[in-house]
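The following exercises concern the structure shown below.

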Amino acid sequence: MAIVGYAPGVYDMFHIGHLNILRRAREHCDHLIAGVVEDDVVTRIKGRPPVVPHEERMDVVRALDLVDEVVSDWSSDKFEMWQQLRYDILFKGDDWKGTEKGTRLERLLGEVGAQVHYFPYTASTSSTDLRRLLEGMS
């Protein structure tokens, strides 16, 4: 039976951290779905919209051979996305590990036979840092 992995993310200003997560996720599943978080969800969570619009972020991720499928991620609750996609493994950066949100997700996914797999967060590059740099230039 094929293992379905899900790697949700904003994927704003696509950079090496995003690529690292998708490369690592690809190694742990047979079918990799990337969820690109919708603009309104990003705005609600981060208090500002992404720099790159949703459809363009979807196109960038879709162009990667690492990814088998790209979906629009419409919820900040990744268990709701499990209900739609029925993935076996959720891939997240380890900045979620040990948080209330991460622990809740591990419990809920465990109840349905799925799991969370954490990867090291790429501290050297982040979309937040890139955004600050761009804002400082204007």
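**Exercise 1: The sheet**

Strands β1 and β4 (residues 89-93) pair in the parallel sense over two bridges; strands and helices here are DSSP runs, numbered from the N terminus (E, at least two residues, for strands; H or I, at least four, for helices), and two strands pair if DSSP finds at least two bridges between them. This is a predicted model, in which local features need pLDDT of at least 70, side-chain atom pairs count only at pLDDT 80 or more, and totals for chains, interfaces and linings use all residues. Residues are numbered from 1 along each chain as its sequence is written, and side-chain values use heavy atoms, with hydrogens and water left out.

Task: Determine the order of the strands in the open sheet, and which strands form its edges.

Solution. 
1. Begin with the pair already named: in it, G5 is opposite I89 of β4.
2. Extend to the whole sheet, whose five strands follow the order β3-β2-β1-β4-β5 with parallel pairing.
3. Identify the edges: β3 (69-73) and β5 each pair on one side only.
4. Axes are lines fitted to C-alpha atoms, for helices over the stretch in contact, and angles run from 0 to 180 degrees between N-to-C directions.
5. Place the helix α5, which lies across β4 and β5 and runs at about 140° to β5.

**Exercise 2: The largest nonpolar core**

Task: State which element supplies the largest share of this core.

Solution. 
1. Define the core as a set of buried Ala, Val, Leu, Ile, Met, Phe, Trp, Tyr and Cys residues joined through side-chain atoms within 4.5 Å. Buried means under 20% relative accessible area, exposed over 50%, and partly exposed in between (1.4 Å probe, protein chains only).
2. Among its 17 residues, Y6, L85, Y87, L90, L105 and L109 touch the most other members.
3. At least two residues each come from β1 (4-9), α4 (78-85), α5 (100-111) and β5 (115-119).
4. The largest share, four residues, belongs to α4.

**Exercise 3: A salt bridge in a helix**

Task: Explain why R62 and D59 are separated by about one helical turn.

Solution. 
1. A salt bridge (a side-chain nitrogen of Lys or Arg within 4 Å of a carboxyl oxygen of Asp or Glu) joins the two side chains at 2.8 Å, N to O.
2. R62 and D59 are about one turn apart because they lie three residues apart in helix α3 (residues 54-62).
3. R62 is partly exposed, at 42% relative accessibility, and D59 is partly exposed at 46%.
4. In contrast, D73 and K78, which form a salt bridge at 2.9 Å, are both buried.

Notes
Contact = heavy atoms within 4.5 Å.
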